Amino acid sequence: MSIQTPIRESRVSRTAAMALMFLLAIYFLLPVYFLIVAATKPQGDLASTFGLAFSHFDLFQNLSTLFGRSDGIFGRWALNSVIYAVLGAAVGTLISALCGYALAKFRFRGREFLFSVILGGVLVPTTALALPLFLLFSATGIVNTYLAVFLPSIVSPFGVYLARVFTAAAVPDEIIEAARLDGAGEFRTFFSVAFKLLTPSLVTIFLFQFVGIWNNFFLPMVMLQEESLFPITLGLYGWNGQTARVSLLQESVITGSLVSIVPVIILFILLQRFWRAGLAAGSLK
Amino acid sequence: MADIATRAARVVAEPGGRRRPDDGGPRAGTVVAFLTPFFLPFVLFYLVPIAYAVWQSFLVVRRTGGQYGTSYTTFGGFEQYAQVFQNTEFWASIGRIGLFGIVQVPVMLFVALVMALLLDTPLLRLKGFFRVAAFMPYAVPGVIAAIMWSFLYSPQLSPVVDLLKGAGLQPDFLGPGAVLWSAANVSTWLWTGYNMLIMFSALQAIPEELYEAAKLDGASNWAIAWRIKVPIIAPSIILTTVFSIIGTLQLYAEPAVLRQISSNISSTFTPNMLAYAVASGNNYQQAAAISVVIAVITFVLSFGFMRLTSKKAGL
């Protein structure tokens, strides 16, 4: 009896746990599955056939319509998103790493004060910054240019926080001391010694900032009027608003949405361990 | 601007008293060189806009008398703030978002916590699959997520509506009562997995020995989860709550997309949408005051929540 009870209990709870997790997995995967199915259908079948079942396989036709629309504007949006996110995250990671490294390894007056200012920055909602930035950028004339979206995107207080935590954990003081004794300057020490030790952490910081910029919507919406500068999110939002008048756009909104999320989802699955490192550091706070 | 940043950094970079001058540590100039690449854009694109918004919120635009009067900008004290607090649309948007947050945040975090706890037990198989499935929405931009869900809400296209109709129901996801919860569902879909992974990472960091003794005493997985694991990861739960509160007050993209297909979302549905609508009408001073009020509410709620919970948890 005393042995049987826990086994029976665990069989029941095992089944219940699996059932609950499967239900939740269906909830998380359903919209993406729907999008995949819908992206393969001709526009006419969207309303007339059941949404979760395939009908005519028109994916390639849909893709060519999507990329051919308005002289290939969608390809331009995709390229813009890549430029904003890859360049912004690369520059952002580098400056976060330099700053986080200095905060972790150099002793100087005001260090903790600077760090708490940065931590306060983590709590500042970026949407609150967009409107005043728009006015400041209007005055300097960089509104409605690549720079208007790129420049604010490189600042990531969370990246500095991660860089400090990771440096403290991954770069031993002895190695820095040894490099100094060898006569290496601080920048040489950083780029040749610390950089190697920090590489996995830098990937994590890069990924968080990449997704932050890739998903950003409010800042480009406030800053940009010129369609050819839009990232994918803003472009598809614009198309989605026109589907009531131009119903044929609907299929392109669906196919475009699929095209825009597939590369990032693949990146996610391939680089899972880096995400977990970042979230673990975030949970330490 | 650059001068101020450099000078400020030079001031703070002076070596502390405890250090010997010849211990091989970096010179002040080197410290400044490491910090400036981040702090210069941080000051320019974070601190300056905040200061600018606060300054602007104290200005008013007035007109000189008569029909041909010209407008001029002058100091108005708290006039803009008084207007914000008298604005019924502002309070309506705060009310909506408050209701949204009070329901959506606890539901989302409870689901995330249950998933994290289950993934931390030996009860499940396919753990990797469940983790990826839940975290995957984090890769989807809010705008795209809202577009995807708006197809699932649409009476013409949605397979979900078809299925519910087949079961004899008449769902209206975009109706006046339901649309707020349809927006809440998009947020829940987007962020549950992210919060779950933060909690799961914290659970993984707990050394097994901590509940080895409880296990030997015959404590059930259930008891271990709620009595031992949950209290230990309380800081992570608090962190995810604070991030969720901030996110809720900033809500913009999801309702803006749903507004494209539902007449039940006004242009001032959330505080942020109201701020944008006011700014679009060129009333930047009023928009700035609204933004400042939202930011202050955000800070008060986040810090208030942290104080409250850390006192209770004895942290």
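**The strand pair and its surroundings**

Modeller: Happy to! Strand 1 (residues 59-63) of chain B runs antiparallel to strand 2 of chain B, with five bridges joining them. Strands here are DSSP runs of E with at least two residues, helices are runs of H or I with at least four, both numbered from the N terminus, and two strands pair if DSSP finds at least two bridges between them. Across from Arg62(B) you will find Tyr72(B), in strand 2 of chain B. None of the five residues of strand 2 (residues 71-75) is buried, so this strand lies largely in the open. Buried means that 20 or more other C-beta atoms, placed from the backbone, lie within 10 Å of a residue's own.

A word on the source: this is a predicted model, in which local features need pLDDT of at least 70 and side-chain atom pairs count only at pLDDT 80 or more, while totals for chains, interfaces and linings use all residues. Residues are numbered from 1 along each chain as its sequence is written, with chains lettered from A and ligands numbered from 1 in the order in which they are written.

Now the chain around that pair. Chain B has 14 helices and two strands, and 43% of its 315 residues count as buried. Its radius of gyration over C-alpha atoms is 25 Å, whereas a compact globule of 315 residues would have one near 20 Å, by the rule of 2.2 Å times the number of residues to the power 0.38. Along the principal axes, the C-alpha atoms of chain B fill a box of roughly 80 × 75 × 35 Å.

Beyond its neighbours within four places in sequence, Met199(B) is in contact (C-beta atoms, placed from the backbone, within 7 Å) with residues including Ala112(B), Ala116(B), Ile233(B) and Thr240(B).

Finally, the partner chain: 73 residues from chain A and 76 residues from chain B make up the contact. Helix 1 (residues 4-39) of chain A gives the most to chain A's side of it, with 13 residues.

Methods
Two residues are in contact if their C-beta atoms, placed from the backbone, lie within 7 Å. A residue is buried if 20 or more other C-beta atoms lie within 10 Å of its own, exposed if 12 or fewer, and partly exposed in between; C-beta atoms are placed from the backbone.
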